[in-house]
Amino acid sequence: MRILFVSSEVFPFSKTGGLADVAGALPEALVREGHDVLVVSPWYKTLKAEPAPLWIGDVEVPFDGGTSSCGVGTLERAGVRYAFVGHEDFQRDSLYGFEDDTKRFARFSRAAFQTAERVNFTPDIVHANDWHTGYVPMILQHGYHLPAGFPHLPSVFTVHNVQYQGHGELDATLYWLRLPAALRDGPLNYFGGANAMQAGASYAQRITTVSPTYAEEMQRAEYGYGLDGTFQHLSDKLVGILNGLDTELWNPAEDEHLAKRYSLKRRSGKRQNKEALCARYGLDPAKPLMGVVSRLADQKGIDFLLDALPQLFHQGWNIFILGSGESWMEDALARESRERAELASHIGYDESLAHLVYAASDALAVPSRFEPCGLSQMIAMRYGTIPVARETGGLKDTIRHGETGFLFAHPNADGLAWASAQAASLYAHDKQWQKMMRTAMQEDFSWEKSARAYLSLYQELI
Ligand code: ADP
C-alpha cells in the first residue's frame, strides 16, 4: 500500500507536541509492516536535519488565484521517504502563532499533492492530520487542479487536538485553495467563517482520533470546542485509535541522555538519575520526586497544580517542572520555584532534560483538563515513573488506576491532591511501589498494534 502522510510537524525534524511524535513514529511502523510511506511536511527554517534535505527543484502549486512556487527537499530515514515543502512562509523562528497561519497551511496543504507528484509518489490513500492539513480531504474530494492519479483518492483525517481548529475567512480560504466559491455553503463553513478542522473531518472518508475515550469526549460540549455537534453528526465514521510510543527513542536501557541507564530487571540505576537531577536543581533526593514535562497551556492543568502545591508539599513531595508556554504560567512557576525549596523548574523546551526528568522522577503529574492521547504518561510508565493523571482521554485509556498509576476525576487542586496522596502513601511502602513500577514498565505501548489498526482502516477505503 502507498500512503501519503501529511503533517505540519514531524519528529525529529520539527516538533511542538505529540503530533510530531505520531508523524515520526506511525510512518516508520507502517514501513515495518511492509508499506510505502511518503511524509510531506513544511521545510521550516528551524528544521532539524543533518544533513539538510536535498533540494530537488521547485513545484508550481495552484494557489491564491494563480500559482505559487514551492521548493521540494527530500531525504529518507528508517525506510520512510520525506518531502519538505519550502516557501518563505516557513522561514520564521517558530512553527505557529502568526496571523497568517491559515494561509500558510492552506498553501502547504495545496502543495502536498504537487510535491508528492514531483517525487513520483502516487498514493493509494492520503492521511491528513489536524487543522493545518484539514484542507487536504476537501481538495481531494473536489479534485480541482490536482495531478493525475490524485482526484478523489480516499482520505483519513486524524484529530490530535480539537482545541485548535484553524478559523479563517471563508471566501479568502476558497480563493487561496482555488476551489469554487459555491463551496462556501459546504462543511468548510462554520457560522460564516472557515473552519479547517471541520472541513477535514467532514470531507475525509474516515476520522480517527488518538484514543477511544477522546472519540467519545469530543462529541460532548465540555470537550468539543464548538465542534461537538459536528462530531456527533459524523460519529459513524469516527474511531479512536490509541497512539503508540517510539520504544526505541524512549528506552531507559539505551537512553543516552540519562545519568545512568537502567531496565526492568536492573532498576537500581534509576536512583542515580534522581540524584543527578536533584543535585543539579537543589532538590532533596530523600523525598519522593514528582516530575512534570508539559506545555504550559490551559489544557494541561498546570494552573491548578500550582494551586495544589501546598498540599503536595505537605504530602512530602518535591516537584520538578520542565515546561514552556504561556508567559503568565512561566512567570508564576519561576516565582514559586525561587520561593519554595521543594520546587524547582526549568522553563524552556529541552529534549535531553525531558529524558532525564522521566528517569529521575518517582511519579509524573499529568493533570490535563483534556488529553486526546498523551505521550508523557506512557513514557513515564516505560521509565518506571508512576503517572498521577486526570481521568480523561488517552490518560484514562492507558493508565490502570491502582495498578500502573493513579487517576483523579475532578480537574482541580483537590482532585490532584487526592490522587497524589494515594501515590505518596504507596511510595512509603517500597515493596508495593516497586510492584507498581514493574507492572507499569511492562505495559506494551509499541506502535505495531496501532499501525495495524490504521492499516485495516486504509484497506477498507481503498
Ligand atoms: P501535547 O502534544 O499536547 O503537548 P503529549 O503528551 O501528547 O502532549 O506530547 C508531549 C510531548 O512533548 C512529549 O514527548 C513530551 O516529553 C514533550 N514535551 C512537552 N514539553 C516539553 C518540554 N518543555 N521540553 C521537552 N519536551 C517536552
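A residue is termed buried under 20% relative accessible area, exposed over 50% and partly exposed in between, with a 1.4 Å probe and protein chains only. The structure described here is a predicted model, in which local features need pLDDT of at least 70 and side-chain atom pairs count only at pLDDT 80 or more, whereas totals for chains, interfaces and linings use all residues. Residues are numbered from 1 along each chain as its sequence is written, and side-chain values use heavy atoms, with hydrogens and water left out.

Aromatic contacts were examined across the whole structure. Rings of Phe, Tyr and Trp (its six-membered ring) are paired if their centres lie within 6.5 Å; planes under 30 degrees apart count as stacked, over 60 as edge-to-face and the rest as tilted. The search gives 19 aromatic pairs. In one of them, the ring centres of Tyr 44 and Phe 90 are 5.8 Å apart and the planes stand at 85 degrees, so this pair is edge-to-face. Tyr 44 belongs to the loop between β2 (36–42) and β3 (54–63), and Phe 90 to the loop between β5 (80–86) and α2 (101–118); the pair thus links distant parts of the chain, 46 residues apart. Helices (H or I, at least four residues) and strands (E, at least two) are DSSP runs, numbered from the N terminus. Tyr 44 is buried, at 2% relative accessibility, and Phe 90 is buried as well, at 0%. Ring pairs join Tyr 44 and Phe 90 with Tyr 96, Phe 105, Phe 108 and Trp 131 in a cluster.

An edge-to-face pair is also formed by Trp 250 and Tyr 358, with 5.5 Å from centre to centre and 85 degrees between the planes. Because Trp 250 lies in the loop between β12 (238–240) and α9 (270–281) and Tyr 358 in helix α12, the pair ties together parts that are 108 residues apart in sequence. Trp 250 is buried, with a relative accessible area of 4%, and Tyr 358 is buried at 4%.

Tyr 358 also has a place at the ligand. Of the 21 residues around the ligand, those that come nearest are Gly 18, Arg 295, Lys 300, Gly 348 and Tyr 358; a residue is counted as near if one of its heavy atoms lies within 4 Å. The shell comprises seven nonpolar, eight polar and six charged residues. In this division, Ala, Val, Leu, Ile, Met, Phe, Trp, Tyr, Cys and Pro count as nonpolar, Asp, Glu, Lys and Arg as charged, and the others, Gly among them, as polar. A polar side-chain atom of Lys 15 is placed 3.2 Å from a ligand oxygen atom. A backbone N or O atom of Leu 375 lies 2.9 Å from an oxygen atom of the ligand, and for a polar backbone atom of Ser 376 the distance to a ligand oxygen atom is 3.4 Å. Two or more residues of the shell come from each of α1 (18–32), β13 (289–296), β14 (318–325), α12 (351–360) and α13 (376–382).

Cis peptide bonds occur from Phe 11 to Pro 12, with omega near 5 degrees, and between Glu 50 and Pro 51, with omega about -5 degrees. Pro 12 lies in the loop between β1 (2–6) and α1, and Pro 51 in the loop between β2 and β3. His 152, a residue other than glycine, has a positive phi near 70 degrees; His 152 is exposed, with a relative accessible area of 57%.

Methods: Polar contact = N/O pair within 3.5 Å; in protein donor to acceptor, adjacent residues only side chain to side chain.
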